Every structure is written in structure tokens, then in C-alpha cells.
Amino acid sequence: MSKLLPLALAKSLALSEDLDQLQFHHLLENISQDPQLKQFAPDGVCQIDPRNGNLVIYNSARAKRVHTTAQPTAVKEDEHCPICEGKSADILDITEHSEGFTFINKNLYPIFHPIEDIPLENADYFLHQDPEHQGRASYGFHLLQWTSSLHDKDWHNLPFSDALISFQRLANLEKNLLCQPTDFMARSETKVNQDVVSGYVSIIKNFGATAGASLVHGHQQIAYSNILPQHFFNNLRFRKRHNKSFSRYMLEENPSELLVKDYGELQLIVPYFMKRPLDMLLIVKDSDKRYLHQLNSIEQQQLVEGMQQAIQAILHLMEQMGIPPAYNMIINNGPGCGLYLEFLPKTQMMGGYEQIGLFVCQANAADSAELLRQHICPPKDK
């Protein structure tokens with residue numbers, strides 16, 4: 001029998017079953033005072049690499065994580081899942097699927113924590129080093145969304161209707177964090193859909209050990225912080241330099257032979273600057289939309305369809321290549337951004353040249369796009 005987290009056990013761990021019913025100041029107080037989170041709280045310090053603007057945040061306590069110190073195990077030998085066993089931090093949101101449910105909880109090993117826990121001796125880090133990066137103090141929340149309570153289910157094998165529910169709860173979390181009514185975060189934009197936006201929400205997914213996934217049970221990481229990661233800052237700088245979003249630029253400039261699939265309101269493409277085989281971008285055509293929660297129902301459906309098909313193709317083709325399936329998914333949102341998802345399969349190792357910004361790719365973009373089209377768009381769909 002497949003492992004799963006029972007609904008009754010999840011509800012017993014729930015601070016809230018509906019994030020919309022949890023007032024932000026209660027969430028802030030709960031996270032600030034949680035003794036488990038305090039035990040593994042980050043250092044609250046952020047440094048900036050002056051060569052390229054990369055941000056480095058520090059959490060010495062993460063070295064104590066069981067999944068950091070334990071011997072790595074193969075995916076199929078993962079006998080004990082702490083999530084299925086109910087060894088979870090407080091749950092903030094539960095929404096049922098046709099089978100099982102998706103849920104959001106606090107990360108026991110946060111990379112961001114509320115500002116009250118930053119020692120006074122680090123107060124000098126508040127000094128702004130760059131108007132776009134709000135100083136060298138780092139604070140906020142670190143949450144997790146579990147795509148399904150069923151251990152062996154994730155985006156690639158969930159029924160579409162269940163995957164759509166999981167996506168909608170993720171988009172709702174993004175909105176709840178960005179549009180919160182307190183002064184916990186400084187404003188990051190003036191308004192989106194008449195709502196004041198505060199702070200930055202970074203959403204990533206790690207799948208597979210080589211992509212940095214410490215747990216097999218499928219999940220997304222959500223960081224709500226005062227600092228804007230360099231990758232997202234680059235999207236903002238691109239818009240300022242070119243007077244258009246990066247997503248709009250790619251829709252206009254990427255060669256047509258690198259289109260994998262057009263969904264109507266979104267396009268799945270291989271970027272002409274592909275760094276690794278099977279790299280893909282899933283781009284929302286309406287580049288005025290910068291956040292998940294801005295998408296209408298048609299765009300939501302097409303995004304979930306594209307995301308599922310992209311991930312399915314990555315896992316299938318990496319298995320054909322004889323490479324353990326692993327990828328990172330990055331949701332590019334935020335100020336200056338036209339919304340797009342980035343899929344980065346671990347089809348090649350990183351070497352020294354890559355570390356200095358010179359990527360050597362063992363396939364070309366056109367061949368990769370054709371391979372992906374064959375899998376995602378078989379002849380009957382063309």
C-alpha cells in the first residue's frame with residue numbers, strides 16, 4: 001500500500017485548514033514564537049557578492065538537519081517519510097483532492113524568519129547596499145506546499161483536476177503573503193489589482209537528489225522575504241533596460257523552431273541560450289501579469305497543463321538518457337517580471353567553466369526542442 005498522510009492526522013496538526021481564514025498577524029505571531037522554528041532559525045544575515053549581485057543568506061542550524069547528516073537513500077528505498085508519518089510543522093491550509101489532499105505548512109528549517117529574532121549586533125546589516133536589495137538583514141517566512149498527501153503523487157502523475165487545485169492553493173498563498181495588511185514588510189510595488197504589494201515571494205521546486213531535494217515526498221518551497229533574489233532582480237533590470245519584460249522579449253525573439261507547444265495563452269519553449277539539454281520556459285503571453293494569483297481560469301488551466309507536460313517529458317527523457325530524473329522548477333514572478341516558469345533538468349553536471357559563467361552544453365537547442373515536441377506533441381496532436 002502506498003504511503004500517505006491521513007486527513008485526520010493532518011487536521012490534528014492544523015493551525016488553520018483555510019489560509020483565507022487565518023489573519024496575517026496571527027500567522028506572524030505564531031511563526032515568530034514557534035519553539036521548533038526558533039531551534040533552527042537562520043542567522044538573519046544576508047551578504048551580496050559584489051561581482052554579480054548574488055545574495056548569500058546564512059543558517060548555521062541547517063547543518064543539524066537529519067536529511068543533511070543522514071546517508072542519502074535512493075528514491076525507491078525511501079521507507080520512512082516524515083511527512084506521511086505526520087512529523088510536520090503546523091499546517092496552515094488543507095484542500096482535498098479526488099484522492100488525498102494538498103496542504104501547506106511551515107518549514108521546520110527556515111531560510112527566513114521574522115525580524116524579531118535578528119540579534120541587535122547585526123543591526124548594521126539594515127544599511128542599504130543597493131536600493132533594489134533592502135539591506136543585509138534577511139527576514140520573512142519559509143513555507144512548504146506538499147503537492148499531494150499521497151507519497152507517490154506529484155505534478156507529473158496527479159489527475160489534472162487535482163493538480164489544478166494544488167496550483168490554485170499555491171497562487172492563493174502567494175496573494176495572501178504579498179497583499180497582507182501589516183507593515184511587516186516594506187512595499188515592493190505600489191499596487192497589483194488595487195492591492196498593495198509588500199515583500200517578495202520566491203517559489204521553487206527541487207525534484208531528485210542531484211537537484212537538491214532532501215525529501216522524496218513532492219513539494220514546493222515558498223520564501224517570503226525582504227530581499228529579491230538576483231535572478232528575479234535580473235528580470236526587473238531587463239525590463240528597465242529594454243522597456244519590455246524578458247517574457248515578452250522571448251516570445252518575440254526566440255526562434256520559431258524552438259517552440260515546443262502553444263497552449264493559447266501560454267507558450268512552452270526551449271530558450272535559444274539553452275544551457276543544459278531539455279531546459280524549458282513556460283511563458284504567459286500577457287506580460288502585464290506578474291504573479292500566479294493574477295491569472296484567469298483559462299490561463300491557470302493552461303499553465304497547469306503545460307507544467308505537467310513539461311515535467312512528464314523531463315522525467316521520461318532523462319530516464320531514456322540513463323540519467324536519474326532530477327530538475328529544478330523556478331516560478332519567475334515579482335516586480336518588472338512577465339510571469340514565466342523555468343524548468344532546469346539536471347542533464348549535465350556543473351563544472352569549473354560553468355562556475356565562471358561559461359556553460360558547455362552537450363546538445364543544441366533545436367534538437368532538444370524536437371525531442372520534447374515528439375514527446376509532448378505526438379503526430380495526432382499536431
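Q309 counts as buried, at 18% relative accessibility; buried means under 20% relative accessible area, exposed over 50%, and partly exposed in between (1.4 Å probe, protein chains only). The place of Q309 is helix α8. Leaving aside neighbours within four places in sequence, Q309 is in contact with K261, Y263 and I376, where contact means heavy atoms within 4.5 Å.

This is a predicted model: local features need pLDDT of at least 70, side-chain atom pairs count only at pLDDT 80 or more, and totals for chains, interfaces and linings use all residues. Residues are numbered from 1 along each chain as its sequence is written, and side-chain values use heavy atoms, with hydrogens and water left out.

**Overall build**

- The protein has ten helices and 14 strands. Helices (H or I, at least four residues) and strands (E, at least two) are DSSP runs, numbered from the N terminus.
- The protein has 382 residues, and 53% of them count as buried.
- Among contacts with a separation of 6 or more, 70% join residues 24 or more positions apart.

**Surface**

- The protein exposes about 17600 Å², and carbon and sulfur atoms supply 51% of that area. Accessible areas come from the Shrake-Rupley method with a 1.4 Å probe; for residues, only the protein chains shown count as cover.
- Y353, I356, L358 and V360 make a nonpolar surface patch of about 450 Å². Patches are made of residues with over 30% relative accessible area and no salt bridge; like charges are joined within 9 Å, nonpolar side chains (Val, Leu, Ile, Met, Phe, Trp, Tyr) within 5 Å.
- L358 has a relative accessible area of 45%, so it is partly exposed.

**Aromatic rings**

- The count comes to 16 aromatic pairs. Rings of Phe, Tyr and Trp (its six-membered ring) pair if their centres lie within 6.5 Å; planes under 30 degrees apart count as stacked, over 60 as edge-to-face and the rest as tilted.
- One of these pairs is F24 with Y224, which is edge-to-face: 6.4 Å centre to centre, with 90 degrees between the planes. This pair links distant parts of the chain, 200 residues apart: F24 is in helix α2 (residues 24-33) and Y224 in strand β9 (residues 219-225). Both F24 and Y224 are buried.
- F40 and Y109 have ring centres 4.5 Å apart and planes at 55 degrees, so the pair is tilted. F40 is at 13% relative accessibility, so it counts as buried. Y109 is at 17%, so it counts as buried.
- F238, F246, Y249, Y272, F273 and Y340 are linked into a cluster by ring pairs.
- K275 lies over the face of F359, 5.7 Å from the ring centre. A charge sits over a ring if NZ of Lys or CZ of Arg is within 6 Å of the ring centre and within 35 degrees of the ring normal.

**Salt bridges**

- Side chains of opposite charge can pair when their charged atoms come close. A salt bridge is a side-chain nitrogen of Lys or Arg within 4 Å of a carboxyl oxygen of Asp or Glu. The count comes to 13 salt bridges.
- R276 and E354 meet through their side chains in a salt bridge (3.2 Å, N to O). R276 lies in the loop between β11 (266-269) and β12 (280-284) and E354 in helix α9, so the pair ties together parts 78 residues apart in sequence. Both R276 and E354 are buried.
- E305 and K261 form a salt bridge (3.7 Å, N to O). The partners sit in distant parts of the chain, 44 residues apart: E305 in helix α8 (residues 297-320), K261 in strand β10 (residues 259-262). E305 is partly exposed, with a relative accessible area of 30%, whereas K261 counts as buried at 17%.
- K244 bridges to E252, with the closest N and O atoms 2.6 Å apart. K244 counts as partly exposed at 27% relative accessibility, and E252 counts as partly exposed at 42%.
- D18, D93 and R169 are linked in a network of salt bridges.
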